[in-house]
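Student: Could you walk me through this one slowly? I am new to it and would like to know what to look at.

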Amino acid sequence: MHIFAIANQKGGVGKTTTAVNLAAALAASGQRTLLVDLDPQGNATMGSGVDKRGLEKSVYQVLLGLASLFQARISSPSGKFDLLPANRDLAGAEVEMVDLERREMRLKEALAQHQEEYDFVLIDCPPSLSLLTLNGLCAAHGVVIPMQCEYYALEGLSDLVNTIKKVHSNLNRDLKIIGLLRVMFDTRATLGHQVSAELEQHFGDKVFKTIVPRNIRLAEAPSYGIPGVLFDKSAKGALAYQAFASEMIERVKTM
Ligand code: ATP
Ligand code: MG
């Protein structure tokens, strides 16, 4: 079982789009996949075709020890993956977990009992470096960082890289950066190509080969509750996430 956190403390950079589409593309390739929504916004839940308002159990209960993963997970109606859903309840978890022992290890411990059931677990982190994200980073073997190739992209990256380093040395020796994924890429913008080249220079083979273009079909898909890779399979964005899934499957063979 390979567990990956999709993280970037910057908001709206494509974390959820990456998490949902990678989950659906991996599942479509026959990989047993669990998507964990770790964001109170519940966007990964909605994007997987599950109404966040009607959840009986969610990741919130799992983190607080009020339900098991077995009780809270559901299968995505649109993709072939399992989902540990989230909604606004999760916003309270941050405060309620403060008094719990090993509070940053709650997700890791919940996943530990399901080692044999999945090939991939993807964790969609919220846009913060909060206790929720920390739970994601402590549970994961690696971090996938989606980013837009814009002027301030590299600057924001250093906070995340430092946090990952700290978690690595203090809490989770397994943790490493798997790679940076360039998303919402505008092929016509010169700046994008410049930043993209700079990223390759700084991070070398930590930059995934796949580049996800800006593609309206990926943005439309969530409102239908269908992952983009299934909503319009031949759209450029869908093809990119399919290629990314193949790249990830290859990447884990070397781990
Ligand atoms: P948050 O930090 O709020 O959780 P996020 O990092 O999860 O945001 P997304 O929700 O995935 O980011 O994406 C932000 C917006 O950009 C969404 O409206 C999404 O549909 C859109 N989007 C993401 N990727 C693409 C793309 N490749 N092409 C076009 N639109 C995209
Ligand atoms: Mg999100």
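Tutor: Let us begin with a definition: two rings of Phe, Tyr or Trp (its six-membered ring) pair if their centres lie within 6.5 Å, and planes under 30 degrees apart count as stacked, over 60 as edge-to-face and the rest as tilted. This is a predicted model, in which local features need pLDDT of at least 70 and side-chain atom pairs count only at pLDDT 80 or more, while totals for chains, interfaces and linings use all residues. Residues are numbered from 1 along each chain as its sequence is written, chains are lettered from A and ligands numbered from 1 in the order in which they are written, and side-chain values use heavy atoms, with hydrogens and water left out.

Student: Okay, how many aromatic pairs does a search of the whole structure find?

Tutor: The search finds four of them. In one of these, the ring centres of Phe4 and Phe120 are 6.1 Å apart and the planes stand at 40°, so this pair is tilted. Phe4 belongs to strand β1 (residues 2–6) and Phe120 to strand β5 (residues 120–124), so that distant parts of the chain, 116 residues apart, are linked by the pair. Helices (H or I, at least four residues) and strands (E, at least two) are DSSP runs, numbered from the N terminus.

Student: Is Phe4 buried or exposed?

Tutor: Phe4 counts as buried, since its relative accessibility is 0%, and Phe120 is buried too, at 1%. Buried means under 20% relative accessible area, exposed over 50%, and partly exposed in between (1.4 Å probe, protein chains only).

Student: What about the rings of Phe208 and Phe244?

Tutor: Their centres are 4.8 Å apart and their planes lie at 80°, so that pair is edge-to-face. Because Phe208 sits in strand β8 (residues 207–213) and Phe244 in helix α12 (residues 236–253), the pair ties together parts that are 36 residues apart in sequence. Both Phe208 and Phe244 are buried.

Student: Changing topic, how much space lies in the largest pocket?

Tutor: About 400 Å³ lies in the largest pocket. On a 1 Å grid over the protein atoms alone, a cavity is a set of points where a 1.4 Å probe fits but cannot get out, whereas a pocket is an open set with protein on both sides within 12 Å along at least five of seven lines, and lining residues have an atom within 4 Å of a point. Grid points are joined across faces, edges and corners, and a volume is the space filled by probe spheres set on the points.

Student: And which residues lie nearest the centre of that pocket?

Tutor: Of the 23 residues in its lining, Thr17, Met184, Leu218, Ala219 and Pro222 lie nearest the centre. Helix α1 gives the most to this lining, with five residues.

Student: What volume does the largest cavity have?

Tutor: The largest cavity has a volume of about 90 Å³. Helix α8 gives the most to the lining of this cavity, with four residues.

Student: Which residues are linked in a network of salt bridges?

Tutor: Arg217, Glu220 and Asp232 are linked in such a network.

Definitions and conventions
A salt bridge is a side-chain nitrogen of Lys or Arg within 4 Å of a carboxyl oxygen of Asp or Glu.
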